[in-house]
Amino acid sequence: MNGTARAEEMAGKIRLVRELLGAGRVLRLKGIDWFSWITAGGSNEVLLAAATGIAEFVVTGRGAFVVTNGIEAQRLIDEELPPGCEVRILPWAYPSQLEVVMRELAEGTPVYSDRPAEAERELPLPLLAAKRTLSLPELHRYREVGLLASQAMTETLQQANPDWSEYRLAAAGASALLSRGLAPCLVMAAGDRRRRLYRHPISGKDPLGASAMLVFCARGYGLYANLTRFVAFEPLTDEEEQKHAQVREIEAHALLLSRPGVLLHEVYRELASAYAAAGYEHAIKEHHQGGITGYLSREVIANPEAREHLSAGMAVAWNPSLPGAKIEDTFLVTETGVENLTLDPAWPTVLAAGLERPLVLRR
């Protein structure tokens with residue numbers, strides 16, 4: 001990414017923060033998601049399993065600062081931060097110094113945080129909405145991440161073998177993502193037996209057998225590409241073909257409703273009706289159906305109480321499922337429909353609701 005463009009994007013986000021918080025307020029961003037957002041794709045990530053990273057971003061009325069320790073500072077400056085970003089460096093051996101610095105920067109004014117500690121305040125809703133509505137530079141980065149993740153998926157399943165264990169398939173998927181510079185935040189592989197039993201079949205030692213499912217939540221520039229694919233080493237039964245067709249039809253209801261102004265609970269209700277019409281009234285209770293994605297794998301999950309509304313520039317990832325069948329991609333909501341960010345042109349597809357949707361890969 002161009003350093004000057006990133007610096008301009010970050011400056012624009014800092015101005016937006018000050019506008020939304022008001023004068024005399026301080027913003028403290030701790031999470032990996034928010035750090036990537038405000039630094040235009042930078043990362044404070046070290047441990048993949050952590051929600052917070054090794055640096056914080058602080059915005060005050062007087063300036064904007066990255067606060068980190070002496071272990072990480074130079075690498076962040078060289079590789080992760082836009083040019084001109086001011087860095088406050090603390091000794092790693094004295095983590096309590098972070099709170100001392102925060103008190104100095106806050107100067108007694110209210111502090112808002114994405115992960116508020118005692119006496120800190122939650123972020124205002126307009127700022128949450130701003131993070132979930134992607135700018136043009138963010139969309140360019142998202143398209144890159146989506147294509148790389150989908151290509152990693154195709155490569156992995158084209159190489160897979162029915163004698164592989166689920167562990168080996170997951171390892172191959174993680175390798176394909178990492179080799180493209182993406183973080184494998186979730187890689188879930190399930191063979192023929194376990195994919196039929198569980199909606200969330202965390203990878204195990206079973207051999208794949210006749211077919212397999214592979215799920216990615218891949219992160220690049222802080223943005224998540226979420227997708228699910230299947231591979232079959234033997235012909236599918238008529239019942240299996242039907243279930244895959246049914247989840248495509250159920251998903252189509254959500255995709256047609258993914259437009260600006262629609263509330264998340266309206267999409268949930270539409271999915272519930274689609275399941276019932278297909279003869280699976282209770283299936284919606286057996287797994288969440290997805291929702292808004294972006295700097296988190298799911299920023300907000302659709303449910304009967306979700307009042308967040310979709311807008312142009314948001315990304316969504318729906319994942320309707322039936323026993324043994326599931327479908328998932330990451331889409332951009334636009335004024336005229338949705339754009340698939342995770343479809344590899346090399347993957348076999350079929351049209352559903354006017355969109356190319358993935359078929360099971362036959363091997």
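Tutor: Let us begin with pairing: two strands count as paired if DSSP finds at least two bridges between them, and the strands (E, at least two residues) and helices (H or I, at least four) are themselves DSSP runs, numbered from the N terminus. Strand S1 (residues 26-31) and strand S5 (residues 111-113) run parallel and are joined by three bridges, with Arg-28 standing opposite Ser-113 in S5. This is a predicted model, in which local features need pLDDT of at least 70 and side-chain atom pairs count only at pLDDT 80 or more, while totals for chains, interfaces and linings use all residues. Residues are numbered from 1 along each chain as its sequence is written, and side-chain values use heavy atoms, with hydrogens and water left out.

Student: In which order do the six strands of the open sheet stand?

Tutor: Strands of a sheet pair through backbone hydrogen bonds, either parallel or antiparallel. Here the order is S4-S3-S2-S1-S5-S6, with mixed pairing. Strand S4 (86-90) and strand S6 (121-122) stand at the edges with a single partner strand each, so one side of each has no neighbour in the sheet.

Student: Which strands does helix H4 lie across?

Tutor: Contact means heavy atoms within 4.5 Å, and angles, from 0 to 180 degrees, are taken between the N-to-C directions of axes, which are lines fitted to C-alpha atoms, for helices over the stretch in contact. Helix H4 (residues 97-106) lies across S1, strand S2 (52-59), strand S3 (64-69), S4 and S5, and runs at about 150 degrees to S1.

Student: Is Ser-321 buried or exposed?

Tutor: Buried means under 20% relative accessible area, exposed over 50%, and partly exposed in between, using a 1.4 Å probe and protein chains only. Ser-321, which lies in strand S13 (residues 321-322), has a relative accessible area of 2% and is therefore buried. Leaving aside neighbours within four places in sequence, its contacts are Arg-199, Val-247, Tyr-275, Ala-283, His-287 and Lys-326.

Student: With which side chain does the side chain of Ser-321 make a polar contact?

Tutor: A polar contact is a pair of N or O atoms within 3.5 Å; within protein, one must be able to donate a hydrogen and the other to accept it, and residues adjacent in sequence count only if both atoms are side-chain atoms. The partner of Ser-321 is the side chain of Arg-199, at 2.8 Å.

Student: How many salt bridges does the structure hold?

Tutor: A salt bridge requires a side-chain nitrogen of Lys or Arg within 4 Å of a carboxyl oxygen of Asp or Glu, and the structure holds 32 of them. One of these joins Glu-240 to Arg-196, with the closest N and O atoms 2.5 Å apart. This pair links distant parts of the chain, since Glu-240 is in helix H9 (residues 238-257) and Arg-196 in helix H8 (residues 194-197), 44 residues apart. Glu-240 is buried at a relative accessible area of 11%, whereas Arg-196 counts as partly exposed at 37%.

Student: Where do Glu-239 and Lys-243 lie?

Tutor: Both lie in helix H9, four residues apart, about one turn of the helix, and they form a salt bridge whose closest N and O atoms are 3.7 Å apart. Glu-239 counts as exposed, at 52% relative accessibility, while Lys-243 counts as buried, at 15%.
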